[in-house]
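Q: Please take a close look at a single part of this structure, and then set it in its surroundings.

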Amino acid sequence: MNTWARHLDDLAAATSQLLIDGAVQPQPLADPDAVMAARDAVLVQLRQLLGSIGDAPRFATVRELTLHDVVHRPAQALHQTLSKLPRAVPFGTAELGAAEDKTLTAYERAWQQAARATIGLEAYVEVLRELPDSHAWLALRDLTDVAAALPYLDHDLSEAVLPRLKLGEDWGLPYRMLTHPGHDALRVVSGEVRARVPAAEPPTSDARSPARGQQPVHPSSSQVPGQAAVTGPSSARGDRRDPSDRVADGPHAVRDLAGAMTRYTHAVSARGANLSVADVKGVRRLLEYGSLHAATVLERAAPAVPGAAEAARALRATAASADRLREAHARSMTAPHVELAAASKDLLGQTTALAGQAAQLTDRATPQELRRLAAPALGFAQCVPALAGALDLSVREALAARLMLVPGTTSERSTNTSSLCRATASPSDERSSD
Amino acid sequence: MPDIPFLPDTDDPTVPSADQRWPTDPQPTLAQDLSVLAWLETRREQLSSDCTDFICAALLEWSMLGELWPDPAEPSVGPDCDHLEALVQITERLVRHAVVAQPTARRFELARVGRELGTAIRCQRDPQALAESRWRELVGRQPWLAGPPAPVVLPDGRVL
């Protein structure tokens with residue numbers, strides 16, 4: 001393994017650990033200054049490395065990010081977004097530890113490891129500008145994966161310094177930097193690059209993943225990274241797709257939640273007998289939590305929207321029914337539909353955002369604001385019966401085709417040894433298709 | 001002087017030599033851990049509803065990698081074990097899987113699964129703190145929460 005691969009390996013390992021440990025809520029930071037220095041080192045080095053791959057001009061002012069850049073020059077746009085992301089602490093105010101400090105928590109040591117790895121990659125800044133195209137694409141994808149993690153890592157760090165901020169310590173500036181709006185652009189652009197540039201293939205041939213199968217092919221070697229961002233990835237995926245084919249459309253679809261739900265419902269219907277357990281779980285989550293969120297919105301908007309209170313009550317009843325579906329156990333012979341799962345997550349995120357928006361509205365909200373807020377929630381509510389019906393029908397088809405089975409228990413100790421019986425003959429059938 | 005193939009740990013005489021140690025139990029595989037997760041996802045009596053939902057979200061992240069939903073299986077220590085502790089141990093093992101996975105993108109896929117599990121752990125330990133944290137993250141993620149965004153009209157007429 002060469003030094004580039006070794007440092008990148010260390011960086012990815014540390015970032016993965018930080019992503020998981022940060023979610024568990026690490027212990028209070030022993031040396032927050034050192035962590036901030038490490039975070040800034042990662043940010044600055046990533047910015048330099050991606051600038052080299054994207055052939056960004058050196059010593060020039062980074063221009064404002066535009067939608068055109070995101071669509072046609074994603075590699076350069078990524079450099080631009082990272083350039084707009086500020087340091088957590090001003091340059092020179094915190095020092096990065098040279099040696100591993102055993103007194104720090106595992107979370108903080110992972111930050112140090114990430115910083116050391118990115119500093120190790122600094123030696124390649126110049127080399128990256130002359131990298132062969134195929135290698136440049138792989139390097140871009142690997143670094144983009146790390147860059148895409150930054151918003152999550154920064155959020156975890158902001159949560160870690162929040163207790164100090166509440167105690168009156170001087171952490172206001174780092175907190176603001178760690179929750180900087182520039183993270184939104186980074187999320188969008190890194191998502192764009194990751195959608196267009198395929199990940200490296202697994203080292204073993206037995207790794208099967210339909211998700212990877214849908215990835216675009218590598219760009220041709222005639223494309224240099226800077227140009228390839230214009231012609232290669234954009235022509236490889238995404239732009240040629242008819243938007244109406246999509247199961248759901250990203251965050252902006254919240255204004256057309258009903259349309260997105262309709263497409264999602266059609267996708268569930270189209271799965272038919274091939275519906276998998278994972279698909280059912282995804283739809284169930286959406287029905288339960290999406291209904292709860294929409295009900296929250298409609299209850300808030302009820303004074304200004306006739307019928308909203310009734311719709312909210314119906315949605316809460318739906319959520320309770322969907323909650324009971326958790327108890328239905330089944331197995332399926334088919335693989336989950338990746339796009340359906342992603343759409344479930346997106347739609348759930350949108351309903352959550354709506355509920356959050358309702359919670360943010362003040363008591364002085366105008367009727368017009370309430371009506372505007374209620375519109376997508378009502379659109380969601382209108383689609384819920386059709387979605388529940390589509391789920392019911394598809395589950396029945398899957399059970400009839402024996403592609404989905406309900407385990408019959410033969411041992412009280414282990415469900416692993418249970419035999420499979422025909423679901424159509426099981427009382428659980430009614431529960432699972434409720 | 002003849003070579004000495006093995007030097008005992010003279011610093012700590014209580015540590016037995018390698019051939020005197022009991023063999024340790026093999027670590028569960030990733031597939032076994034996922035099966036236990038599928039089992040934990042159904043244990044609503046011991047874990048909170050939100051916690052099991054985050055476990056469900058983790059398994060959905062796993063299925064988004066094109067993998068089948070794992071068959072539920074009890075942990076080897078039995079169904080009466082400390083469910084939260086089982087979840088913590090599985091998450092710790094997932095970290096170890098994630099940091100060595102290849103290629104690099106695979107690590108982040110596993111990290112996404114692990115992040116949901118981490119959230120499930122936190123949810124079980126302190127649901128109130130988690131709710132506030134996730135709300136702050138949501139506000140950060142959705143800047144247009146302050147009000148519905150104005151539509152963006154592209155030059156070709158498309159509206160975003």
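Is F91(A) buried or exposed?

A: F91(A) is exposed, with a relative accessible area of 70%; buried means under 20% relative accessible area, exposed over 50%, and partly exposed in between, with a 1.4 Å probe and protein chains only. The model is predicted, and local features need pLDDT of at least 70, side-chain atom pairs count only at pLDDT 80 or more, and totals for chains, interfaces and linings use all residues. Residues are numbered from 1 along each chain as its sequence is written, chains are lettered from A and ligands numbered from 1 in the order in which they are written, and side-chain values use heavy atoms, leaving out hydrogens and water.

F91(A) sits in the loop between α4 (74-84) and α5 (106-121) of chain A. Helices (H or I, at least four residues) and strands (E, at least two) are DSSP runs numbered from the N terminus. From F91(A) to A359(A) the separation is 268 residues in sequence and 38 Å in space, C-alpha to C-alpha.

Chain A, which holds this loop, has 17 helices and 3 strands. Of its 434 residues, 52% are buried. The accessible surface of chain A is about 19300 Å², and carbon and sulfur atoms account for 55% of that; such areas come from the Shrake-Rupley method with a 1.4 Å probe, and for residues only the protein chains shown count as cover. Among contacts in chain A with a separation of 6 or more, 77% join residues 24 or more positions apart, where contact means heavy atoms within 4.5 Å.

Elsewhere in chain A, helix α13 (residues 277-301) packs on helix α15 (residues 338-360) at an angle of about 15 degrees, and their axes are 8 Å apart. Axes are lines fitted to C-alpha atoms, for helices over the stretch in contact, with angles from 0 to 180 degrees between N-to-C directions. The angle therefore makes α13(A) roughly parallel to α15(A), a term for angles under 35 degrees. Residues of α13(A) including L286(A), Y289(A) and H293(A) meet residues of α15(A), among them L347(A), L348(A) and T351(A). By class, this contact has 10 nonpolar, 7 polar and 3 charged residues; Ala, Val, Leu, Ile, Met, Phe, Trp, Tyr, Cys and Pro count as nonpolar, Asp, Glu, Lys and Arg as charged, and the others, Gly among them, as polar.

Chain B has 5 helices and 0 strands. Buried residues form 49% of its 160 residues, and chain B exposes about 8600 Å², with 55% supplied by carbon and sulfur atoms.

Terms used:
Parallel < 35°, antiparallel > 145°, perpendicular 65-115°, else oblique.
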